[in-house]
Amino acid sequence: MPVFKDKNEDFFKKWSSEMAYVLGFILADGSLIISRRGAKYVEIETVDGDLLNLIKEKLNSDLKISERQRNKKWKKAYRLQIGSKEIFNDLLKLGIKPRKTGSETMPKVPMDYLRDFIRGYFDGDGSIWMGYAHKNRLYPTLALSLVFTSASDRLLGQIKRILENRLEIKGSQRYYGNAFRLCYSTFAAINLYNFLYGNGSSNLFLQRKKKKFEEYLKMK
């Protein structure tokens, strides 16, 4: 007999800060899977086990998180697989596609939850860098850079326009290293920090990325 595990199958039916964050994270680091027998699954895989456990809690799930490491050069990855036709279909309606082809687009996210959705996507497919620019000068400049990555140029273009309209910041978009990248330098990156982690956002975020922002602000 099949073993049924608990999960909140209504999680993606109503917008909330937590729902928007998890949706953004799934767009970045998740996938929809249909098995050979037609069973439907949602799979989330990340190297950040603590965050995946937090997402699992938000989904009210008792499903087990599995671990795997392809080889010694790769970081250990954590995977949560949820078998649910209901959740699968809700994600389809929200714009998540079964296979990532580079044609992904921005879901229609309500304005109140944009920061949570974009933070979720950033935690899945974003990076932050801090270091010194102009090292050959007498006084090098401490710089900060925030980058969104995607196989979809269109998706990043949509995020870029949203942030331009909402925050009045400019980003540069280009193809580099087998993916499209949307980059924001120091001033814009600080504005993004205030937007992503400001008042009204949920407690779902990657600690290490937020700490990198705060490390930069302390050094300024």
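Helix 4 (residues 114–125) packs against helix 6 (residues 186–197) at an angle of about 115°, and their axes lie 8 Å apart. That makes helix 4 roughly perpendicular to helix 6 (65 to 115 degrees counts as roughly perpendicular). The model is predicted: local features need pLDDT of at least 70, side-chain atom pairs count only at pLDDT 80 or more, and totals for chains, interfaces and linings use all residues. Residues are numbered from 1 along each chain as its sequence is written, and side-chain values use heavy atoms, without hydrogens and water.

**The helix pair**

- Helices are DSSP runs of H or I with at least four residues, and strands are E runs of at least two, numbered from the N terminus.
- Axes are lines fitted to C-alpha atoms, for helices over the stretch in contact, and angles run from 0 to 180 degrees between N-to-C directions.
- Leu114, Arg115, Ile118, Arg119, Phe122 and Asp123 of helix 4 meet Asn194, Phe195, Leu196 and Tyr197 of helix 6 (contact means heavy atoms within 4.5 Å).

**The hairpin**

- Strand 1 (residues 30–34) and strand 2 (residues 40–46) run antiparallel, joined by five bridges (strands pair if DSSP finds at least two bridges between them).
- Isoleucine 33 stands opposite tyrosine 41 in strand 2.
- Five residues lie between the strands of this hairpin, and glycine 38 takes a positive phi near 95°.

**The domains**

- The protein chain is divided into domain 1 (15–100) and domain 2 (115–217), with bounds from an automatic or database domain assignment.
- Their C-alpha centres lie 23 Å apart.
- Domain 1 gives 16 residues to the contact, and domain 2 gives 16 residues.

Note on methods
Parallel < 35°, antiparallel > 145°, perpendicular 65-115°, else oblique.
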